[in-house]
Protein chains: 2
Amino acid sequence: MTSATNGTTNGQPDAHHHANGNVDPHDLWPAPGGPIPGADGPSPLGTAGFRMNHTMLRITDPEVSIPFYRDVLGFRRVMTLNNGPCTVYYMAYYYPDEKTGADIFKHMQQRDGLLELVHVHGSKGRKVENGNPPESFGFGHLGISCPDTVAAEERFKAHGVEIFKPLGIEFSTKRGMGVADDDNDDELTEGFRKVFSRMIMIRDPDGYFIEVVPYGAG
Amino acid sequence: MTSATNGTTNGQPDAHHHANGNVDPHDLWPAPGGPIPGADGPSPLGTAGFRMNHTMLRITDPEVSIPFYRDVLGFRRVMTLNNGPCTVYYMAYYYPDEKTGADIFKHMQQRDGLLELVHVHGSKGRKVENGNPPESFGFGHLGISCPDTVAAEERFKAHGVEIFKPLGIEFSTKRGMGVADDDNDDELTEGFRKVFSRMIMIRDPDGYFIEVVPYGAG
């Protein structure tokens with residue numbers, strides 16, 4: 001489906017480090033280094049109006065999860081819908097023209113950035129797979145961005161949030177982030193270690209990871 | 001953390017159905033029925049500028065996944081970053097003021113709706129937990145919205161996408177959506193069955209579910 005390949009057969013990119021100025025922004029296999037901005041042109045015609053509307057996570061207890069997302073992280077409730085065996089809670093941050101959850105609700109499908117929390121009735125106490133190794137390999141995290149991570153970290157501490165990786169600590173797969181197949185982070189670039197030290201990793205009441213990144217992180 | 005409760009102790013809301021006109025939009029336990037728009041006020045002061053920036057999913061083969069998200073779903077590549085043991089691909093749909101991935105990259109943290117695909121090098125062939133029962137209970141799906149689901153479904157067929165639940169089919173937990181704790185969808189409301197029949201459920205190359213919803217779905 002694509003001609004962009006480095007020609008290796010084991011899925012590993014070349015270890016050769018090169019400056020970003022000379023890389024092909026369409027390349028699927030860049031060498032380790034800094035971020036390479038994309039250069040895709042216009043969207044395919046058949047995808048006009050497509051939006052990255054929402055991400056759905058199952059929750060086991062809305063009495064804990066809704067206050068966490070609403071009162072600690074500041075999400076606003078867009079709508080609530082009991083479908084019988086489950087209740088759906090859509091939440092989002094305001095766009096500039098929105099003042100209430102009902103404002104978002106009016107055009108909720110024409111918009112990015114919704115979080116859909118689905119409470120499966122009777123699931124309280126059930127084990128939730130957060131998608132991270134070693135238990136599982138899949139979903140990684142939600143990423144919340146904010147202008148002031150120092151203030152955000154203080155806020156999380158004041159609210160008793162589980163801080164999995166505080167500011168100032170560099171990346172380590174021992175901390176369970178699961179980015180290396182052999183659970184060994186020796187190969188992580190210096191650049192990424194610095195970027196990651198500026199992020200906070202917290203966990204929600206069900207154990208899902210939430211990465212909190214500063215504006216201008218990368 | 002909240003006083004909103006229906007007073008039951010087993011996490012099950014009342015089965016009593018009532019009209020939406022009389023419900024409390026702050027209630028955590030509405031009865032089965034239609035959507036109840038939220039009524040939260042301004043965001044907490046300490047969360048000013050927080051954005052639902054991204055969702056991270058691990059992928060096992062960028063040669064398959066990037067063309068799927070880019071050429072079939074129409075996501076644009078925002079940036080690519082090889083961190084050593086993994087390569088990160090940020091993708092998104094354009095906002096009106098953006099024309100290339102580099103435009104998005106400039107303000108990528110101040111924005112909603114990014115998809116972060118992380119290729120863990122050497123993970124090709126590894127089993128991916130998509131978060132859905134019965135294998136696991138966690139992440140559910142990405143939700144993509146679009147103005148014309150009929151055209152979208154034709155597009156998916158033309159590209160050989162796995163269509164897990166086509167248009168016109170009502171919800172069934174037998175199809176593995178995992179919204180009922182007892183794997184029984186008998187209690188699903190008529191309203192939700194109708195809404196769901198208007199959605200398409202597809203799967204990405206790693207088996208993650210993607211719900212494709214029309215504008216004005218709910």
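**Cysteines, symmetry and the sheet**

Student: Does A:Cys86 count as buried or exposed?
Tutor: A:Cys86 has 1% relative accessibility, and B:Cys86 likewise has 1%. The classes are buried under 20% relative accessible area, exposed over 50% and partly exposed in between (1.4 Å probe, protein chains only). The model is predicted: local features need pLDDT of at least 70, side-chain atom pairs count only at pLDDT 80 or more, and totals for chains, interfaces and linings use all residues. Residues are numbered from 1 along each chain as its sequence is written, chains are lettered from A and ligands numbered from 1 in the order written, and side-chain values use heavy atoms, without hydrogens and water; A:Cys86 thus counts as buried.

Student: How many disulfides are there over all chains?
Tutor: A disulfide is a covalent bond between the sulfur atoms of two cysteines. The rule applied here asks for a pair of cysteine sulfur atoms within 2.5 Å. Over all chains, the count of disulfides is zero.

Student: Which residue of chain B comes closest to the rotation axis?
Tutor: Chain B is superposed on chain A by a rotation of 180° with 0.0 Å of shift along the axis, at an RMSD of 0.0 Å (least squares on the C-alpha atoms of residues with pLDDT of at least 70 in both copies). That is the relation of a two-fold axis. The same surface serves both copies, as 100% of the contact residues of chain B recur in chain A (contact: heavy atoms within 4.5 Å). With its C-alpha at 2.5 Å, the residue of chain B closest to the axis is B:Gly113.

Student: Is B:Gly38 buried or exposed?
Tutor: B:Gly38 lies in the loop between strands S1 (36-37) and S2 (51-59) of chain B. Leaving aside residues up to four places away in sequence, B:Gly38 touches residues including A:Arg77, A:Met79 and B:Pro25. With a relative accessible area of 4%, B:Gly38 is buried.

Student: Which strands stand at the edges of the open sheet of nine strands?
Tutor: Strands (E, at least two residues) and helices (H or I, at least four) are DSSP runs, numbered from the N terminus, and two strands pair if DSSP finds at least two bridges between them. The sheet has mixed pairing and the order S1(B)-S3(A)-S4(A)-S5(A)-S2(A)-S6(B)-S9(B)-S8(B)-S7(B). Each edge strand has a single partner, so one side of each is left without a neighbour in the sheet. The edge strands are S1 and S7 (162-165) of chain B.
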